[in-house]
Amino acid sequence: LDDAEITPNGDADEVNNSDRLNALKISANKAAQTPLTLASVVSDIKLKINMARIISDRANGVFDVVLLSSVTPNGYNIIACTGVPTLALVLRIGMIIDIRKFGAKHLTNSTLAVQAAIDESSSLGGIPISGGAETYYVSNTTSGTTEHAIEMKSNVWLNLPSGAEITKSPAERAVNGSIIGIGVATSYGGATNFKISGFKLSDGDVNKGARTIGSLITLNSGTDFEISGMEFGNSDFHDIDIRACKNGKIWGNSHNSLVVGGSAPYQFDVVTNATDSALFPNDNIQIYQNTRGKHSALDGYYERSFEFAHGCTSKGIKIFNNNFDETNNSLLSSVVGNATERDEKIDGLEVYFNTFRIDGVVPNWVNLTINETNDFDASTNYMKGINIHHNKLYGKTSQGMQLSMVVGGMTNFGQFDAQIHD
């Protein structure tokens, strides 16, 4: 050891060859192994460069002491010291980033801590993010945007363990905004090569439809992404909302939201902003092996399994091997166009090997509609390449399969070919 300082309690605090051996622990007694709190370390007047501290209220994260001038404190993984104002603490990052070491805590507003972990992972090229099997609150007010509380970044794998949940803060369950999202749908590549997996997302307790905007996940301009192994709990809006996304896989998720009002929720909402629809359609999205448990709908609101909403331009969409129980509206609904939007189309949609069970009479299994009353153009307003086959459908409908084409009273519907084998 080169110039190592051994403190009375048995810790080796300073090792100049820190790249070889930093924060050596000498176990003279059990007290020597007791981590310190963040408050006590930050205020320690004996801190020196190259020391390291294990901090108990940051999930026993190891923090190195560095010059404040060499870093930019953020309060999460980089923290300015008060005892020695020229120094700062920097969290040592290993093979996995733990959101608790960034300050995320059970039943506490952890918005900025989770965001700091995502930012750090992205900046380092994508170190996987984990945490504890705890419930973490997030807030759109804290994040400063009604778009989403947490923003995903490129190359990030947010993979919390089973039993972990991210949910709206109790005081914010009526505040508009998604929990996890990406930017705005102005182009492809808002974030690329990312994964969300393994944990539960929900709005929290039933709030009787106070929110009208904000899905649990809203992806604007995501590319090469995967959402898998998630549990989607209570939601007043959509579970997953994708816009201008490309090369995505959504699979192996369970959807158990209790519908309580607000806007009619859908498990999957495939939409594109009207102004961007033609330039940046949803492209090559696969939705498969998702399940929905039996539930009850309240307040007269009903949900569809898959919704291709107004302003939608999509191509290469495949929906297969899903098993949804008690879907209280159409399993698939698409309304292409309305009075203010244009250039909407579906070009390639295949729905197959799914099982849907409906409890109660609903209007129809499938509702595919072209409804354009303004600026209709047969070359840009159409559905084609639609193939719906080998699905198992249980329950009752009043209209069965409905292919309605209402185009401002016109009879020219552009290109439309559908094969329905059920």
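These legends accompany several close-up views of one predicted model.

Residues are numbered from 1 along each chain as its sequence is written. Because the model is predicted, local features need pLDDT of at least 70 and side-chain atom pairs count only at pLDDT 80 or more, while totals for chains, interfaces and linings use all residues; side-chain values use heavy atoms, with hydrogens and water left out.

**View 1. The whole chain, to get our bearings.**
Three helices and 35 strands make up the secondary structure of the chain. Here helices (H or I, at least four residues) and strands (E, at least two) are DSSP runs, numbered from the N terminus. Of the 422 residues, 49% count as buried; buried means under 20% relative accessible area, exposed over 50%, and partly exposed in between, with a 1.4 Å probe and protein chains only. Among contacts with a separation of 6 or more, 75% come from residues 24 or more positions apart, a contact being heavy atoms within 4.5 Å.

**View 2. Helix α2 and its surroundings.**
Take a look at α2, which runs over residues 111-123. Its 13 residues reach 18 Å from the first C-alpha to the last, close to the 18 Å expected at 1.5 Å a residue; the expected span is 1.5 Å times one less than the number of residues. The buried residues of α2 are Thr111, Ala113, Val114, Gln115, Ala116, Ala117, Ile118 and Ser121. As a reminder, an α-helix has 3.6 residues a turn, so residues three or four places apart point the same way. The cover over the buried residues of α2 includes β7 (97-98), β8 (129-130), β9 (135-138), α3 (140-143) and β10. Just after the helix comes glycine 125, with a positive phi of about 95°.

**View 3. The salt bridge between aspartate 119 and lysine 153.**
This is one of five salt bridges in the structure; the term stands for a side-chain nitrogen of Lys or Arg within 4 Å of a carboxyl oxygen of Asp or Glu. The closest N and O atoms of aspartate 119 and lysine 153 are 2.7 Å apart. The pair links distant parts of the chain, with aspartate 119 in α2 and lysine 153 in the loop between β10 (148-151) and β11 (157-159), 34 residues apart. Aspartate 119 counts as partly exposed because its relative accessibility is 31%, and lysine 153 is partly exposed too, at 26%.

**View 4. Two further salt bridges, each involving two strands.**
Glutamate 231 and lysine 200 meet through their side chains at 4.0 Å, N to O. Glutamate 231 sits in strand β18 (residues 231-232) and lysine 200 in strand β15 (residues 200-202), 31 residues apart. Glutamate 231 is partly exposed at 32% relative accessibility, as is lysine 200 at 25%. In the other pair, lysine 315 and aspartate 283 have their closest N and O atoms 3.9 Å apart. Lysine 315 belongs to strand β26 (residues 313-320) and aspartate 283 to strand β23 (residues 282-288), so this pair ties together parts 32 residues apart in sequence. Lysine 315 is partly exposed, at 35% relative accessible area, whereas aspartate 283 is buried, at 16%.

**View 5. A four-stranded open sheet.**
Follow the strands in the order β3-β4-β6-β5, with antiparallel pairing. Two strands pair if DSSP finds at least two bridges between them. The edges are β3 (52-55) and β5 (78-80), each pairing on one side only. Neighbouring strands are turned by 30° against each other on average, direction ignored; axes are lines fitted to C-alpha atoms, for helices over the stretch in contact, and angles run from 0 to 180 degrees between N-to-C directions. β3 and β4 (residues 61-67) pair over four bridges, and isoleucine 54 has valine 62 of β4 as its bridge partner.

**View 6. The largest nonpolar core.**
This core has 69 residues, and those with the most contacts inside it are Leu89, Ile180, Phe199 and Leu201. A nonpolar core is a set of buried Ala, Val, Leu, Ile, Met, Phe, Trp, Tyr and Cys residues joined through side-chain atoms within 4.5 Å. With five residues, α2 gives the most to this core. Leaving out residues up to four places away in sequence, leucine 201 touches several residues, including Ile166, Ile179, Ile180, Leu216 and Ile217.

Asparagine 193 has a positive phi of about 55° although it is not a glycine. It lies in strand β14 (residues 191-197) and is partly exposed, with a relative accessible area of 45%. Glutamine 289 likewise has a positive phi of about 55°. Glutamine 289 is found in the loop between β23 and β24 (291-292) and is partly exposed at 41% relative accessibility.
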